[in-house]
Amino acid sequence: MAAGGGGTLPPLSPLDLALVLLSALLHAVWSVSIKSSGDPLCFNLLQCWPVPILLGALIPFVDFAEVPPAAWQLLAATGVVHALYLYWMSRAFEHGDLSLVYPIARSTPAFLPLASFPLLGEVPSPLGALGIGVVVMGVWLVHGVRRWRAELLREPAAFFAFLTLAATVAYSLIDKAAMRELAGAPWSSPVPRAIVYSLLLSTAHMLFFGPLVLRARGVAALRRTFGREFGKATAATFISFAGYTLILKAMETSLVSYIVAVRQSSVLFALVLGVWILRERPERERVFGALLTVGGVALIALFP
């Protein structure tokens, strides 16, 4: 993932901004579906079943020899990291509240620029970097970080949330590098690169994620979740696939640190969904945090 031309990319085009905001909305819906499931680990594994069918349907339309060798290597790496991300996120949701897990796991924008510069050569502008910081602050306020006690950070939920954060930073960098490889390679297929890569990625992570879940839960638990939540998990599959494919498309042409920061606007959508669907009454601190998130996204969009 050596630097090489990353800094010459447009920071975040209007089209990419729209794609990432739509992805953020889908991510909020997806996260709520996982948290509300009876068994997040089994629920996430159930989401994998349509992937081989969808990938098989593409075979007549895609020349997989056009996928560069470097992209195949990155796919293998991201398959492992995405599997660990799903496993650790599920375990975090099992052990703790969303208000503890989410702000830790979604703090990716605070750390990603530190890695994207040496590895990808991407440098945010001063106002763009400020926007990233404001987004992170907004995420934490939305989820009531002020109410945390010191001992909460020693709980298993926080431990798994920090592991989820590390995995998110890692797969964001790997997937950005892979999409840069694909964007620079010849492509004759009518199917967009982002869709092909997203399905290959989903297949790779399923191969690693499946054994982790079966070892932790067993076949009987998977059967129970299948009986209760198969339809919901299937819907979540397509929501997740569409959401991350939009991110991958944006990664072809925009800086990954901006993309990941704007995607955190999912906290605003989650707040709105909570008020609209669950009839929640958010505190002023959470509303202010949501507004901060919007302000940070605006800084990134207007002053990249």
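H82 sits in helix 4; helices (H or I, at least four residues) and strands (E, at least two) are DSSP runs, numbered from the N terminus. This is a predicted model, in which local features need pLDDT of at least 70 and side-chain atom pairs count only at pLDDT 80 or more, while totals for chains, interfaces and linings use all residues. Residues are numbered from 1 along each chain as its sequence is written, and side-chain values use heavy atoms, with hydrogens and water left out.

H82
- H82 counts as buried because its relative accessibility is 8% (buried is under 20% relative accessible area, exposed over 50%, partly exposed in between; 1.4 Å probe, protein chains only).
- Apart from neighbours within four places in sequence, H82 is in contact with Y171, D175, L201, H205 and Y244 (contact means heavy atoms within 4.5 Å).

Aromatic pairs
- Rings of Phe, Tyr and Trp (its six-membered ring) pair if their centres lie within 6.5 Å; planes under 30 degrees apart count as stacked, over 60 as edge-to-face and the rest as tilted.
- By this rule there are 5 aromatic pairs.
- Y85 and Y171 make an edge-to-face pair, with 5.1 Å centre to centre and 75° between the planes.
- Y85 belongs to helix 4 (residues 69–95) and Y171 to helix 8 (residues 156–183), so this pair ties together parts 86 residues apart in sequence.
- Y85 and Y171 are both buried.
- F159 and F160 also form an edge-to-face pair, at 5.4 Å centre to centre and 65° between the planes.
- F160 has 12% relative accessibility and therefore counts as buried.

Aromatic cluster
- One aromatic cluster is formed by W49, F226 and F230.
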